[in-house]
Amino acid sequence: MLTLIRRATFNRFLELLPSSTLSHARTGIRMTSVECRDQVVPKDEVVRFIEECMCKAGTTPEDARIVGHHLMTADYRGHFSHGMNRMQMYVKDIEVKITDPVARPEILTDFQAIALVDGKNMLGQVVGKYCMELAMEKAKRFGIGMVAARGSNHYGICGYYTMMAMEQGLIGFTCTNTSPLMAPTRSMKAGLGTNPLSMGMAASDNDGFVLDMATTAVALGKIELAIRKNESIPEGWALGSNGEVTRDAEEAFKASLLMPLGGSEHSSGYKGYGLALMVETLCGILTGSNFGPNIRAWKTSDRIANLGQCFMAINPEAFASGSKERLTILLKQLRDLPTSGEKPVLVAGDPERQHMKKVDTEGGITYHPNQLKASEEFAKHMGVQPMKLVSKSTNF
Ligand SMILES: NC(=O)c1ccc[n+]([C@@H]2O[C@H](COP(=O)([O-])OP(=O)(O)OC[C@H]3O[C@@H](n4cnc5c(N)ncnc54)[C@H](O)[C@@H]3O)[C@@H](O)[C@H]2O)c1
């Protein structure tokens with residue numbers, strides 16, 4: 001079982017490597033995967049490394065820690081596409097002065113359970129944490145708190161904010177708009193982003209569910225992986241430049257037209273499109289941030305992102321008592337359902353829980369060799385100590 005999880009995790013690294021790292025893979029950096037798979041980076045060391053890089057880039061130590069903890073958490077949960085490998089993008093945005101590393105968020109309107117925040121073009125993780133803390137404070141006073149932000153940037157994994165609320169016994173919800181990458185059903189041009197959302201609630205005994213998902217069928221990274229493996233992509237992932245569904249990974253990457261969750265109209269892709277539009281309404285439309293196709297293109301820094309984000313915290317105690325116990329029962333009932341194959345039924349958050357367990361057992365996070373190489377080079381660029389690897393724990 002553990003071997004299976006390990007293999008799946010390693011494959012996931014490959015899947016989620018950014019294009020720069022994949023091109024390293026193509027050009028063949030010398031660091032054998034066997035060598036690196038025997039070594040891990042302790043979570044604290046990941047945070048230390050990111051923190052130092054962000055400080056060097058110009059953030060306050062406090063904000064650097066927020067970003068460090070967030071990106072480490074993404075890697076810890078197995079979402080490497082939104083972990084440490086995003087740091088370079090944030091640093092670059094600070095270097096070209098398109099993100100402000102020292103501003104503070106400002107509450108623009110505050111009406112009981114609701115507030116509108118201006119993120120002042122700060123790092124998204126700092127804005128996100130600030131807004132979710134405000135929403136939780138309101139939920140404790142009013143039963144529900146909803147905070148929406150404009151003037152924000154890429155804020156990482158949605159699940160981070162949901163879990164902040166869950167840790168306080170609250171239901172968490174968040175979503176963000178993003179750069180246009182999704183072609184709405186019947187369109188051949190990107191009109192919305194991958195617009196992810198997350199909702200979660202804690203059950204008893206540290207259990208719970210955390211739904212955390214993009215509203216596109218897949219992330220662009222999965223198409224990059226298919227190119228590297230010289231594989232075609234499944235139908236329903238992406239359109240080619242001619243607006244037709246394509247199975248050609250190169251063509252899909254060139255066009256960068258992801259299909260909504262569900263794929264084509266025939267397989268109900270309009271539902272994913274609808275969800276993305278729901279996210280856009282809560283984020284861009286409510287806040288006055290950039291929205292839809294008006295957001296800057298992915299990975300460009302020619303103008304500020306001005307993203308919109310939404311955060312909600314709800315106190316379940318404000319409703320019928322016993323919801324935590326009922327959720328515990330439901331999660332068990334779902335996981336105990338008869339299976340159609342060999343794999344057990346999971347609930348949202350289980351794959352991440354399995355990954356975290358593996359990291360804990362092994363004493364740290366296993367990074368892909370090319371990711372390690374890239375971070376070593378980045379350490380030199382930033383003038384900070386590279387990450388120290390330790391031997392993987394074998395006490396299991
Ligand atoms: N900030 C941004 O701009 C941005 C954009 C897109 C995605 N993201 C983040 O990227 C991460 C990955 O998103 P994704 O859509 O690729 O996630 P995913 O497809 O890996 O998982 C989506 C959800 O499905 C659940 N899941 C997976 N397998 C399951 C199974 N067999 N049974 C039941 N549930 C299962 C997961 O626990 C998760 O909650 C998320 O953390 C998301 O917030 C961020």
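Predicted model: local features only at pLDDT ≥ 70, side-chain atom pairs only at ≥ 80, totals over all residues.
User: How is a pair of packed helices described, and what are the values for α5 and α7?

Analyst: Two packed helices are described by the distance between their axes and the angle between those axes. Here the axes of α5 (residues 61-76) and α7 (residues 124-142) come within 9 Å and cross at roughly 90°. Angles of 65 to 115 degrees count as roughly perpendicular, so α5 is roughly perpendicular to α7.

User: Which residues of α5 and α7 make the contact?

Analyst: On α5 they are D63, I66, V67 and H70. On α7 they are Q125, V126 and K129. By class, the residues of this contact of α5 with α7 divide into 3 nonpolar, 2 polar and 2 charged.

User: How far apart are K324 and L334 in sequence and in space?

Analyst: K324 and L334 are 10 residues apart in sequence, and their C-alpha atoms are 15 Å apart in space.

User: For the ligand, how many residues surround it, and which are the closest?

Analyst: The ligand is surrounded by 26 residues, of which I157, C158, M213, A214 and A348 are the closest. Two or more residues of the shell come from each of β7 (208-213) and α13 (350-362). β7 gives the most, with 4 residues.

User: How do the residues of the shell around the ligand divide into nonpolar, polar and charged?

Analyst: The shell around the ligand holds 13 nonpolar, 11 polar and 2 charged residues.

User: Last, the sheet of 3 strands: what is the strand order, and is the pairing parallel or antiparallel?

Analyst: The sheet is open, its strands are in the order β9-β8-β10, and the pairing is antiparallel. β9 (245-246) and β10 (257-258) are the edge strands, each pairing on one side only.

User: How many bridges join β8 to β10, and which residue in β10 stands opposite A238?

Analyst: Strand β8 (residues 238-239) is joined to β10 by 2 bridges. L258 in β10 stands opposite A238.

Notes. Residues numbered from 1 in each chain as written. Axes fitted to C-alpha atoms, helices over the stretch in contact; angles between N-to-C directions. Parallel < 35°, antiparallel > 145°, perpendicular 65-115°, else oblique. Contact = placed C-beta atoms within 7 Å. Nonpolar A, V, L, I, M, F, W, Y, C, P; charged D, E, K, R; others polar. Near = placed C-beta within 6 Å. Pairing = 2+ DSSP bridges.
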